[in-house]
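Thanks for coming. I have one structure to go through today, so please look at the sequence and the 3D view as I talk.

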Amino acid sequence: MFGLEFPVRAGRCTRGVFMRLIPAPVDDYPFDHILVVDTEGLRAPELGMQKYDHDNELATFVIGIGDITIINIKGENTSEVQDVLQIAVIQFESKNDIWYFPDLWYGDPPMASTNPGYSKKVEDLRYAILTKAAKRSGHLNISETSQRIHDLWKGILSEDFVFYFRNTLEIKAYTIVDTKFQEFSSKLRTFMFNYYQNDIKGKLATCQETHELDLTCRKCIHEFRKLVLHELQMNKNELESYFDKSPQKDILVKWKNTTLIKLENFTETCLFNETKDIEKEERNVSIRFAWYYNYT
């Protein structure tokens, strides 16, 4: 279309992004040059699960820096194209922005001849692109374009979390998972806090001597851990039941194990901190013992 020959190959590949600055074809456009950016392929199988964030980052980058985006869906899985566009957040005018092209060849290569209808369609599309670009206001110069590329890529790297999802449906599903985790972690935190305040502190405060205080403290820590782990298991069972019965279970399953492990790690961290609080409370009671014996 623009006479460029980027070093690409047929099919899906992972060569990244190519760009080239070319002169405007005629002098009556309100710009002197055009920056053409090309990214190759979608959902390259050799990338494994990384293909989602890889493609989503590239798509967001080229759409973000461009005034006009051309998406060739021939030979691509249209559902995968839609997934990428959902993450990149882009809308099209279905009546004006879709072009249908005939095949490049008449027959099968290498004996097939070139289809002149294809070349005519390419030329029409190029003219439409340049005309639409000419109607836009605020064309960027070289330094402004460079700054836009820098700012956009910096933004993509700082917001890379969203690119790990296949589409907006997965984002919504993960939001549900995260909400459930916050719900269960809050229940565990509240249980531990209330038990410490309403039970353990009272038991430590009623001790009459240091030996009794030491035994009570160790017993409280043991019982506290036992009760918290029991509460954790109940929450895990409830969370697993939610994963298994949810209408979105086919999507949620990918986060099931990691969420359960995350809940376990959260509980262990809280247990460690609460144990430190119990030991601190024991020391405070011990100090009161010392003060009492010294002044009575």
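Starting at the N terminus, the elements of the protein chain follow the order β-β-α-α-β-β-α-α-α-α-α-α. That makes eight helices and four strands; helices (H or I, at least four residues) and strands (E, at least two) are DSSP runs, numbered from the N terminus. The model is predicted, with local features needing pLDDT of at least 70 and side-chain atom pairs counting only at pLDDT 80 or more, while totals for chains, interfaces and linings use all residues. Residues are numbered from 1 along each chain as its sequence is written, and side-chain values use heavy atoms, with hydrogens and water left out.

Some totals next. The protein chain has 296 residues, and 30% of them count as buried. Buried means under 20% relative accessible area, exposed means over 50%, and partly exposed is in between, with a 1.4 Å probe and protein chains only. The accessible surface of the protein chain is about 19300 Å², and carbon and sulfur atoms hold 54% of that; areas come from the Shrake-Rupley method with a 1.4 Å probe, and for residues only the protein chains shown count as cover. Among contacts (heavy atoms within 4.5 Å) in the protein chain with a separation of 6 or more, 66% join residues 24 or more positions apart.

Now the inside. A nonpolar core is a set of buried Ala, Val, Leu, Ile, Met, Phe, Trp, Tyr and Cys residues joined through side-chain atoms within 4.5 Å. The largest one has 29 residues, and Ile200, Leu204, Phe224, Leu263 and Ile278 have the most contacts inside it. Helix H5 (168-205), helix H6 (210-245) and helix H8 (256-294) each supply at least two residues of this core. H5 gives the most, with ten residues.

What does leucine 263 contact, leaving aside neighbours within four places in sequence? Its partners are Phe181, Phe184, Ser185, Leu188, Leu232, Asn235, Lys236 and Leu239. Of these, serine 185 lies in helix H5 and is buried, with a relative accessible area of 1%. A polar atom of the serine 185 side chain is 3.1 Å from the backbone oxygen of glutamine 182.

A second, separate core has ten residues, including Phe6, Phe18, Ile34 and Ala133. Isoleucine 34 lies in strand S2 and counts as buried because its relative accessibility is 16%. Not counting residues up to four places away in sequence, isoleucine 34 touches Phe2, Arg20, Leu21, Ile22, Ala24, Pro25 and Leu130.

That brings us to helix H3, residues 116-135. Its 20 residues should span 28 Å at 1.5 Å a residue, and the end C-alpha atoms are 29 Å apart, which agrees; the expected span is 1.5 Å times one less than the number of residues. Which residues of H3 are buried? They are Val122, Leu125, Ile129, Leu130 and Ala133. These residues cover an arc of only 130° around the axis, so they sit on the same side of H3; the arc is that of the directions from the helix axis to the C-beta atoms. Strand S2 (33-39) is included in what covers the buried residues of H3. On the other side of H3, Pro116, Tyr127 and Lys135 are exposed.

Last, an exposed isoleucine. Isoleucine 142 is in helix H4, residues 142-158, and counts as exposed because its relative accessibility is 55%.

Note on methods:
A polar contact is a pair of N or O atoms within 3.5 Å; within protein, one must be able to donate a hydrogen and the other to accept it, and residues adjacent in sequence count only if both atoms are side-chain atoms.
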